[in-house]
Amino acid sequence: MRSSRVFHAVDSHTEGMPTRVITGGVGVVPGATMSDRRRYFIDHLDHIRTFLMNEPRGHAAMSGAILQPPTRSDADYGVLYIETSGCLPMCGHGTIGVATVLVETGMVEVIEPVTTIRLDTPAGLVVARVRVTDGAATSVVLRNVPSFALGLDRTVRVEPWGDVPYDLAFGGNFYAIVQLDKLGIPFARTEKRRILDAGLAIMAAVNDQDRPVHPLNPEINGCHHVYLAAPGSDARHSRHAMVIHPGMFDRSPCGTGTSARMAQLHARGELALDTDFDNESFIGTHFTGRLVEEGVLGGQGVADGPGQGVADGSGQSVADGPEAPRGLTTVIPTIEGRAWITGTAQYHYDPDDPFPEGFTL
């Protein structure tokens, strides 16, 4: 082999969606916070993402996570989230995959029946509690960053549908939430091309006409996900197709999307705290979500308990950060799901490879 660089990986999937966990080969990305590291990675190291996510080593729906030393003393690992769409602030299914990999490879001290792992992410501190039986991770309960509805009952002009009503919510990433029956498209996998095209058109229109920006961290901005809710979905059980930039479906129920959906339902008065919410993916897999705490943006406690402050991705505690819009209610969501290790691999970079950064087709 003529390899000048090797990346070590443990591959997994979370309820159907892949997470390629990079355990070695990247080195420590410069930056004082994970948000700083994300920015540096985007500006200087994006070729690593495309090398690992795009064909021929990945595929159009590939997703992954790069393990890093944490930038804060109360975290076990830092994580950068990568996929074909870019380098995300947060990824729920990816975090469930990371936590499962850390337990089942022995990269953290494993305690039964629950191993707690604290992860430093660009969106803030995320806590994963892994249920463990005989050394195996059987499920992960993820306590996510503060989530909120940024706007309800908005409309965006999208041809050929005209004015499309949507809600805009944040759960670690921004989501436009649309009722699929408003578009006249059946919720069926046989209609996947029409659903995908509609989601991408709505996404582009939102970013052009009403681009969202996180009130405390402008580094987190733009809508790259559209949650298309199936008819009959409610605050107990919601089915959906999740369209992701640049043109794929989330196979899992989507962790940050589940968080955003619960924040939207809570803002509408439909989902109370401490109530189970069943979020079902396009392929029929499930996450169970709950809202466990309510607060105000800019004054909420850390993701595993109040009163300690939580990083907003800017390197500050949210409690110490810039003033948030008055009255913007936030919620702390938990999401439970399962992941499975599918293999281990070493990905080699050959200087003569004609596709050193992969390709898209």
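Tutor: Start with residue classes: Ala, Val, Leu, Ile, Met, Phe, Trp, Tyr, Cys and Pro count as nonpolar, Asp, Glu, Lys and Arg as charged, and the others, Gly among them, as polar. This is a predicted model, in which local features need pLDDT of at least 70, side-chain atom pairs count only at pLDDT 80 or more, and totals for chains, interfaces and linings use all residues. Residues are numbered from 1 along each chain as its sequence is written, and side-chain values use heavy atoms, with hydrogens and water left out.

Student: What makes up the lining of the second largest cavity, by class?

Tutor: Seven nonpolar, five polar and two charged residues. L88, C91, H225, D250 and C254 are the lining residues nearest the centre of this cavity. A cavity is a set of points, on a 1 Å grid over the protein atoms alone, where a 1.4 Å probe fits but cannot get out; lining residues have an atom within 4 Å of a point. The space in this one is about 60 Å³, where a volume is the space filled by probe spheres set on the points, joined across faces, edges and corners.

Student: How do you know how many disulfides there are?

Tutor: A disulfide is a pair of cysteine sulfur atoms within 2.5 Å. By this rule the count is zero. For C87, the nearest cysteine sulfur, that of C91, is 11 Å away. The sulfur of C223 is likewise too far for a bond, because the closest cysteine sulfur, in C254, is 11 Å from it.

Student: Why is T19 called buried?

Tutor: Buried means under 20% relative accessible area, exposed over 50%, and partly exposed in between (1.4 Å probe, protein chains only). T19 has 0% relative accessibility, so T19 counts as buried. C223, at 0%, is buried too, and so is C87, at 6%.

Student: What makes a group of residues a nonpolar core?

Tutor: They must be buried Ala, Val, Leu, Ile, Met, Phe, Trp, Tyr or Cys residues joined through side-chain atoms within 4.5 Å. The largest such core has 38 residues, and V98, L102, I117 and V130 have the most contacts inside it. Helix α3 (92-104) is among the elements that each supply at least two residues, and α3 gives the most, with six. Helices (H or I, at least four residues) and strands (E, at least two) are DSSP runs, numbered from the N terminus. Another core, of 26 residues, lies apart from this one and includes F187, I195, I202 and F282.

Note on methods: 1 Å grid on protein atoms, 1.4 Å probe; cavity = no way out; pocket = protein on both sides within 12 Å on 5 of 7 lines; lining within 4 Å.
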